[in-house]
Amino acid sequence: KYFIESCRNDYSTILNELDKAKRLGIDTITQNVSDLLIPRLVEANVFKMVDYMISKNAKQTLHELNLLIEQGQNEIGILSVIATKIQQCILVEGYRGEKDIAKVTGLNGWVCKGILDTNKLAPGSLLTALRLVHKFDKGIKMGLYEPDIAVTNCVIEILNLN
């Protein structure tokens, strides 16, 4: 079952990998053999990366960002998700300490709770971060920056904010 899942349930891949094992003289497919033949893909998650970023966890943020870029994620899309999350943070932080923030902001209660629990960026830094995202987004669209380098620089600059 593990081997089949590693092959992403693709019959052709299963046959090719079994043929490869046979040619290598492997008679029994164990989990270790399966991992050697077919390394498991680690799926990156842009939403998780943005949550790491607003919680100022630089190591995890950059790890997720590198996975996203390696997997060919759209850099403009990454910046869009960052901008949306920062806008949500600005809304929620503006009402921090008040009762029923979700109702006032129009955001989902889980989103508000997540932001209140994880955001470590000051309100002024959130505004600066939003300006940075727009700067790099515009720079990519105008051809001033390479997309992968622009997204990486944007995230690093946001992580360096207070």
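This text walks through the structure shown above, from the whole chain down to single residues. The model is a predicted one.

Start with the overall build. The protein chain has 10 helices and zero strands. Read along the sequence, the pattern is α-α-α-α-α-α-α-α-α-α. Now look at the dimensions. Along its principal axes, the C-alpha trace spans about 65 × 40 × 25 Å. The radius of gyration is 21 Å, while a compact globule of 162 residues would have one near 15 Å.

How much of the chain is buried? Of the 162 residues, 36% count as buried. The chain exposes about 10,000 Å². Carbon and sulfur atoms supply 53% of that area. Contacts also tell us how the chain is arranged. Take the contacts between residues at least 6 apart in sequence. Among these, 61% join residues at least 24 apart.

Next, go inside. In soluble globular proteins, nonpolar side chains tend to be buried together. The largest nonpolar core here has 36 residues. Met49, Met53, Ile82, Ile86 and Ile158 have the most contacts inside this core. Which elements give two or more residues to this core? They are H4, H5, H6, helix H8 (109–118), H9 and helix H10 (147–159). Helix H6 gives the most to this core, with eight residues.

Leave aside residues up to four places away in sequence. Ile82 then touches Met49, Val50, Met53, Val133, Val155 and Ile158. There is also a second, separate core of seven residues. Cys7, Ile14, Val33 and Ile38 are included in this second core.

Tyr11, Leu15 and Leu18 make a nonpolar surface patch of about 320 Å². Leu15 sits in helix H2. Is Leu15 buried, partly exposed or exposed? Its relative accessible area is 42%, so Leu15 counts as partly exposed.

Charged side chains come next. Side chains of opposite charge can pair when their charged atoms come close. How many salt bridges does the structure hold? It holds six. Three of them are worth a visit, including one between Lys20 and Glu17.

In the bridge between Lys20 and Glu17, the closest N and O atoms are 3.1 Å apart. Both residues lie in helix H2, three residues apart, which is about one turn of the helix. Their surroundings can be compared by accessibility. Lys20 is partly exposed, at 36% relative accessibility. Glu17 is buried, because its relative accessible area is 11% and the cut-off for buried is under 20%.

Another bridge joins Lys141 and Asp137, again at 3.1 Å from N to O. Both of these residues lie in helix H9 (residues 123–141). They are four residues apart, about one turn of the helix. Lys141 is exposed, with 59% relative accessibility. Asp137 is buried, at 17%.

The next bridge reaches further along the chain. The side chains of Lys85 and Asp51 meet at 3.1 Å, N to O. This pair links distant parts of the chain, 34 residues apart. Lys85 is in helix H6 (residues 75–94), and Asp51 is in helix H4. Lys85 is buried, with a relative accessible area of 15%. Asp51 is partly exposed, at 31%.

Where does Arg8 lie? Arg8 is in the loop between helix H1 (2–6) and helix H2 (11–23). Phi of Arg8 is near 55 degrees, a positive value in a residue other than glycine. Arg8 is exposed, because its relative accessible area is 53% and exposed means over 50%.

Lys56 also has a positive phi, near 60 degrees, and is a residue other than glycine. Its loop runs between helix H4 (46–54) and helix H5 (58–70). What is the exposure of Lys56? At 28% relative accessibility, Lys56 counts as partly exposed.

Key:
Residues numbered from 1 in each chain as written. Predicted model: local features only at pLDDT ≥ 70, side-chain atom pairs only at ≥ 80, totals over all residues. Heavy atoms only, no water. Buried < 20%, exposed > 50% of the residue type's maximum accessible area, 1.4 Å probe, protein only. Patch = residues over 30% accessible without salt bridge, like charges linked within 9 Å, V, L, I, M, F, W, Y side chains within 5 Å. Areas by Shrake-Rupley, 256 points an atom, 1.4 Å probe, with all protein chains shown as cover. Salt bridge = Lys/Arg side-chain N within 4 Å of Asp/Glu carboxyl O. Rg over C-alpha atoms; globule rule 2.2 N^0.38 Å. Contact = heavy atoms within 4.5 Å. Core = buried A, V, L, I, M, F, W, Y, C linked by side-chain atoms within 4.5 Å.
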